[in-house]
Amino acid sequence: MKAEFARELCCPAPECKGAELVLDAHQIDIIRYKVGPVEEVRTGTLTCCVCGRAYPIEEYVPSFEQLFPPDLREEAEYWSKWYGFMWDRGHFGYFDLRLPRAPLIAEGIEVLDPSSLDQKDPDGSHSVLADHPLVRDAERILDVGCGTGWSSLYLARLGHKVVGFDPSTSNMRRAKRYAIVKGEYIEYLGAALGYLAFRPGRFDAIFALHSIHHVPRLREEMVVVRSWLRDGGAIAIDEHIHNDEVLGAIAGEMHAWARAEVYPKVRTLPSEELQKLPVAPHSSLEGAGSSEVISALIENFTLESFYGRYVSLDFFSFIYYISRNLDELLFHKQSAGASGHLVQGGHTLLNLDVRAYGYGADVLGRFYDLFSKAFPMGAEYVTLVGRKDDQQAAYPNALPQLATQLMRVDEQALRLPHREPSEIIADDEKVEENRRILDTAVASLWGDVEMLNNVVATKNTYIGKLERTVEVKNEHIRKLEHTVREQRKVLSASGRVLHLLNTVATLIKKRR
């Protein structure tokens with residue numbers, strides 16, 4: 001942490017009302033970043049001049065976790081344990097978008113996602129938000145609930161000055177260590193909304209990816225977040241608002257099939273190793289603020305862009321990719337032994353057919369399109385950009401209306417008591433009709449999959465023919481090169497004879 005950064009922070013204790021924090025630096029290091037050398041406080045304290053609380057700084061990261069209530073401490077511990085497991089096993093794709101991840105590691109599978117093979121930042125909701133003019137032109141960006149810091153690192157590489165925070169202080173320290181290695185200067189804090197305070201108007205934009213749905217009393221906290229933005233500043237959000245029951249049921253069946261038919265064949269991590277992961281299926285505050293995401297944003301910002309999407313089946317592309325490469329994965333597993341890894345060199349994928357991943361994504365996109373047409377007012381995630389001012393929005397009518405409708409759909413879903421699938425079927429007269437629509441769509445998609453498989457087979461056959469043709473041509477070229485070399489030898493010998501004859505003729509002329 002830079003020493004001058006302390007002046008931008010206030011004591012977040014409620015009784016202190018933004019009191020000044022006094023820095024006591026115990027150790028200062030000079031770190032060489034891409035922007036140049038930076039003096040940072042490695043260890044020290046930030047002490048409130050009103051309440052006297054001393055907030056520690058360790059490994060360049062200040063921590064405010066002493067203020068956390070038990071449920072937030074449990075939340076932080078959950079993610080510390082989860083991503084600490086990834087860190088310890090060298091899966092840095094969870095800390096850097098340019099490296100592949102192991103999406104099924106919780107199933108004991110370390111096969112890597114092929115989406116970052118080119119070591120570049122892949123596209124996604126993060127890049128859509130970052131490319132919005134209000135975000136693209138921002139100098140200082142606050143990354144709310146930044147998890148392992150991958151989004152902060154992404155923004156820093158785009159040239160922004162980034163501050164990121166997350167309740168898991170240990171993850172923030174890991175993110176800081178990684179950023180130092182990569183030469184990107186980022187300020188990280190162990191903190192959470194409600195337990196962090198900045199001076200007003202410090203940021204040009206605020207980023208929040210998959211984080212604020214964990215925040216209780218989100219509508220209250222969003223008022224505070226708004227105060228941290230300058231006038232005209234932007235907030236960019238990609239957030240979970242709802243779990244779709246139909247997609248959830250389909251996803252459950254897909255996972256059940258994969259657990260029976262696919263996962264056991266490529267699993268390499270023993271059960272005792274997996275016990276290091278959190279036991280709970282989700283963190284303690286998962287979904288705590290989902291019902292307030294849209295209302296909190298509409299109340300505090302002018303919407304500039306807005307769209308919803310489904311995500312429950314996103315894993316399909318990866319499962320299809322594994323299933324299409326199962327023989328290759330089995331071969332490498334047997335070669336490596338029962339405890340061998342299905343990765344090479346830490347982050348290099350095996351020689352697998354990565355096209356299957358793209359085919360799976362294409363089929364999934366078609367299914368999501370059909371599902372969106374069948375349920376036009378549904379969404380599981382929303383991606384939006386808002387602006388802090390009272391000027392007219394770029395889309396003043398459609399966006400708030402669409403957002404409000406989604407919010408109402410979401411609130412109705414959240415008010416429904418838990419029901420077993422049989423009860424839902426008995427109560428809903430449209431289920432059978434929707435099921436027929438989905439069955440037709442799924443049948444069509446499997447037809448597309450089979451068509452794509454045939455296309456792949458045809459392409460592979462054609463590629464094989466091309467490779468054989470190339471081999472024949474290469475052999476012909478080698479023969480021609482040999483012939484040319486022999487001809488050059490003959491020409492060289494002929495040249496020497498001609499030179500000798502010319503020399504003899506010249507001597508004869510001189511003697512005459």
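User: How many bridges join strand β6 to β10, and do they run parallel or antiparallel?

Analyst: Four bridges join strand β6 (residues 140–144) to β10, and the two run parallel. Strands pair here if DSSP finds at least two bridges between them. I141 has its bridge partner in β10, namely A205. Before we go on, this is a predicted model: local features need pLDDT of at least 70, side-chain atom pairs count only at pLDDT 80 or more, and totals for chains, interfaces and linings use all residues. Residues are numbered from 1 along each chain as its sequence is written, and side-chain values use heavy atoms, with hydrogens and water left out.

User: What else does β10 pair with, say β11?

Analyst: Six bridges join β10 to strand β11 (residues 229–240), and that pair runs parallel. Along it, L209 stands opposite D238 in β11.

User: Is β10 mostly covered or mostly open?

Analyst: Strand β10 (residues 203–209) is mostly covered, with seven of its seven residues buried. Buried means under 20% relative accessible area, exposed means over 50%, and partly exposed is in between, using a 1.4 Å probe and protein chains only.

User: And for the protein, what share is buried, and how many helices and strands are there?

Analyst: Buried residues make up 46% of the 512 residues. The protein has 16 helices and 13 strands. Those are DSSP runs numbered from the N terminus: helices are H or I with at least four residues, strands are E with at least two. As for contacts with a separation of 6 or more, 76% are between residues 24 or more positions apart, where contact means heavy atoms within 4.5 Å.

User: Where is T383, and is it buried or exposed?

Analyst: T383 is in strand β13 (residues 381–387), and it is buried, at a relative accessible area of 2%. Leaving aside neighbours within four places in sequence, its contacts include S125, L129, I237 and Y307.

User: OK, helices. Why is α4 called largely enclosed?

Analyst: Because six of the eight residues of helix α4 (residues 150–157) are buried. Those are S151, S152, L153, Y154, L155 and A156. Among the elements covering them are α2 (125–130), α5 (169–182), β6 and β10. Just after α4, G159 takes a positive phi of about 105°.

User: Switching topic, how many aromatic pairs are there?

Analyst: The count comes to 18 aromatic pairs. Rings of Phe, Tyr and Trp (its six-membered ring) pair if their centres lie within 6.5 Å; planes under 30 degrees apart count as stacked, over 60 as edge-to-face and the rest as tilted. For Y310 and F371, the ring centres are 5.0 Å apart and the planes are at 90°, so that pair is edge-to-face.

User: Last one: how many disulfides?

Analyst: Zero disulfides, going by a cutoff of cysteine sulfur atoms within 2.5 Å. The sulfur of C10 is too far for a bond, because the closest cysteine sulfur, in C11, is 8.7 Å away. C51 is in no disulfide either, and its nearest cysteine sulfur, that of C16, is 3.4 Å away. C10 is buried at 4% relative accessible area, while C51 counts as partly exposed at 28%.
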